[in-house]
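Let's take a walk through this protein together.

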Amino acid sequence: MRTKKVELLAPAGSLENLKVAVLYGADAVYIGGNQYGLRAKAKNFTEEEMREGITFAHEHGVQVYVTVNIFAHHQDFEGMKDYFLKLDDMGVDALIVADPGVFSVVREVLPNMEVHISTQANNTNFHTALFWAKQGAKRIVTARELSFEEIKAMHDNIPEDIDIESFVHGAMCMAYSGRCLLSNYMTHRDANHGECAQPCRWKYHVVESTRPGEYMPVEEDDRGTYIYNSRDLCMIEFIPQLVEAGVYSFKIEGRMKTPLYVATVVKAYREAIDTYFKDLAEFEAKKAYFLQEVSKASHRQFTTGFYEHKPTSNDQTYGHNSYVRNYEFSGVIRDYDDETGMVTVEQRRKFSVGNEVEILIPQGDFITTTIEEMWNEEGESIESAPHPMQIVKFKVPTAVPVPSILRRFV
């Protein structure tokens, strides 16, 4: 069923991440403004940044979708029409919506705007998809609780011009389609207004009031548990099954992540998707390599979520909530000098003379080199770059495209 090339949809929590996603192979990016999105803690975009980002993306043939997927209260509609008109003026390609009231405002103000129905809308069956299609939606973002078979059934029962989008990589919310009240209850930060504190990642015990200090573990039965720490989704080895199920847009989670995460994951999925469409046998032979590359981004242990079966205790991590971090985000390469063979690096985390580093370039294999000497902006020889955003230079063995990502194995 490889009749239509799929879309790789990347997260962009900042203007820098948008540009990284575009350069490293995304077909589309999703971003949030300062209103109506579900990532209030992301840097998000000012109006000026949004205009610059959309222009940059369009110059590279990449589409931009804006999240407006909160569950709206009465006061949230104040100024909403004007906001949508601004987005249209900027050239936004689609809006991601969950609330029927917000959807109705979009249709009223921007009848020609493409609308995608967020996973927050609990899109668990083809009847729901058909409902939204009749309202004028162009795309359905599936609930994460669906299997390959259920997504295939949705695809087979909706019009051909309605796209299916599914998350393929990143953090998994513990609640049903993201409908969680833990953060609101425990920290007064509303997850459904973009302020989730992720209390599902905290470690819990049960304490009986007359037995202080006796901590009993929270255990799970065959019906599940209400509090758990999910592993991260990773479907890079299952691209054939996703395509055969009818998934058109492969969505990566991570608007709170670093440029290193975005570059690493987008580049790995770009190569995996392109290899699959070029030669299935080659894709199968390189699956271990693709998994190895995507694992270089900070992540929790991986799971396939609900795609293959309903999650069990093997898809959760009870003992800790820490990440696997094999590589550090060391910096961004801002310039390369052909004559001297030097790169100019904007530091993001300390690195030193003698360190072996990797340069992750947008296309092609990464470059490995050892820093033998290093200079600061004044041309003075230095032993390390400990200061955030410090500008340093060192020699590399081959030409480097700009910008590229500098990472260090730790």
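**Starting from the inside**

Find phenylalanine 250 and look around it: leaving out residues up to four places away in sequence, it touches Val6, Glu7, Leu8, Leu9, Ser166, Val168, Ile239, Leu242, Val243 and Ile273. Touching, or contact, here means heavy atoms within 4.5 Å.

A quick word on what you're looking at: this is a predicted model, where local features need pLDDT of at least 70 and side-chain atom pairs count only at pLDDT 80 or more, while totals for chains, interfaces and linings use all residues. Residues are numbered from 1 along each chain as its sequence is written, and side-chain values use heavy atoms, with hydrogens and water left out.

Now zoom out a bit. Phe250 is one of the residues that touch the most other members of the largest nonpolar core, along with Val29, Phe84, Leu95 and Tyr269; this core has 89 residues. A nonpolar core is a set of buried Ala, Val, Leu, Ile, Met, Phe, Trp, Tyr and Cys residues joined through side-chain atoms within 4.5 Å. Buried means under 20% relative accessible area, exposed means over 50%, and partly exposed is in between (1.4 Å probe, protein chains only). In soluble globular proteins, nonpolar side chains tend to be buried together.

Which helix gives this core its largest share? That's helix 9 (residues 259-278), with eleven residues. Helices are DSSP runs of H or I with at least four residues, strands are runs of E with at least two, and both are numbered from the N terminus. Helix 9 is mostly covered, with 16 of its 20 residues buried. From first C-alpha to last, helix 9 reaches 28 Å, close to the 28 Å expected at 1.5 Å a residue (1.5 Å times one less than its number of residues).

There's also a second, separate core of 18 residues, which includes Ile333, Tyr336, Ile371 and Phe394.

Most residues other than glycine have a negative phi, and most peptide bonds are trans. Asparagine 122 is not a glycine, yet has a positive phi of about 60°. You'll find Asn122 in the loop between strand 5 (114-117) and helix 5 (126-135). Is asparagine 122 buried or exposed? It counts as buried, because its relative accessibility is 19%.

Glutamine 198 isn't a glycine either, and its phi is positive at about 55°. It lies in the loop between helix 7 and strand 8 (205-207). Gln198 has 37% relative accessibility, so it counts as partly exposed.

Finally, valine 402 and proline 403 are joined by a cis peptide bond, with omega about -5°. Pro403 sits in the loop between strand 20 (391-395) and strand 21 (404-409).
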